[in-house]
Amino acid sequence: MPVYEFECSCGTISEDLVRVGTRSITCPQCGGRAKKIMSPCAFELKGGGWYADGYASSKSTISGSASGDK
Ligand SMILES: [Zn+2]
């Protein structure tokens, strides 16, 4: 089961394991209705794996040369 993020109108964002198709959960803070947020991270990995991979490798190259042994 996928983990979704839910945002309430009170500003609380919570993650929860829910069934596919669940659109809202009860906010743990105020008890109101928290709506599901479409995760941009999961969407990007699904739709553009080549881009995510290229970005990750160029990023690690930069940090690797900067920090030396890391
Ligand atoms: Zn709330």
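User: What makes the site of the zinc ion tetrahedral?

Analyst: This is a predicted model, in which local features need pLDDT of at least 70 and side-chain atom pairs count only at pLDDT 80 or more, while totals for chains, interfaces and linings use all residues. Residues are numbered from 1 along each chain as its sequence is written, and side-chain values use heavy atoms, with hydrogens and water left out. Four donors count as tetrahedral if all angles lie between 85 and 135 degrees; the angles among the four donor atoms of the zinc ion are 104 to 120°, so the site is tetrahedral.

User: How do you know which residues coordinate the zinc ion?

Analyst: Donors are N, O and S atoms within 2.8 Å of the metal (3.2 Å for Na, K and Ca), and because water is not among the atoms, sites may look incomplete. The SG atoms of Cys-8, Cys-10, Cys-27 and Cys-30 lie at 2.3 to 2.4 Å, so they count as donors. Along the sequence, the spacing of these donor residues is C-x1-C-x16-C-x2-C. Cys-8 belongs to strand S1 (residues 3-8) and Cys-30 to the loop between strand S3 (24-26) and strand S4 (33-37), so this pair ties together parts that are 22 residues apart in sequence.

User: Why is Cys-8 called buried, and what is Cys-30 called?

Analyst: Buried means under 20% relative accessible area, exposed over 50%, and partly exposed in between (1.4 Å probe, protein chains only). Cys-8 has 4% relative accessibility, so it counts as buried, whereas Cys-30, with a relative accessible area of 46%, is partly exposed.

User: Why are Ser-14 and Thr-12 called buried?

Analyst: Ser-14 has a relative accessible area of 12%, so it is buried, and Thr-12, at 19%, is buried as well. Ser-14 is in strand S2 (residues 13-17), while Thr-12 lies in the loop between S1 and S2. A contact means heavy atoms within 4.5 Å; leaving aside residues up to four places away in sequence, Ser-14 touches Tyr-4, Glu-5, Phe-6, Ile-25 and Pro-28, and Thr-12 touches Phe-6, Glu-7, Cys-27, Pro-28 and Gln-29.

User: What makes up the largest nonpolar core?

Analyst: A nonpolar core is a set of buried Ala, Val, Leu, Ile, Met, Phe, Trp, Tyr and Cys residues joined through side-chain atoms within 4.5 Å. The largest has seven residues, namely Tyr-4, Phe-6, Cys-8, Val-18, Ile-25, Cys-27 and Ala-34, and S1 gives the most to this core, with three residues. S1 has a covered face of Tyr-4, Phe-6 and Cys-8, and an uncovered face of Val-3, Glu-5 and Glu-7. In a regular strand the side chains alternate between the two faces of the sheet.

User: How do you know that S1 and S2 pair?

Analyst: Strands (E, at least two residues) and helices (H or I, at least four) are DSSP runs, numbered from the N terminus, and two strands pair if DSSP finds at least two bridges between them. S1 and S2 have five bridges, so they pair, and they do so in the antiparallel sense. Within this pairing, Leu-17 in S2 is the bridge partner of Val-3. Four bridges also join S1 to S4, again antiparallel, and Phe-6 stands opposite Lys-36 in S4.

User: Which elements does the protein have, and in what order?

Analyst: The protein has two helices and four strands, and from the N terminus on they run β-β-β-β-α-α.

How values were computed: Tetrahedral: all angles 85-135°; square planar, octahedral: opposite > 155°, others 65-115°.
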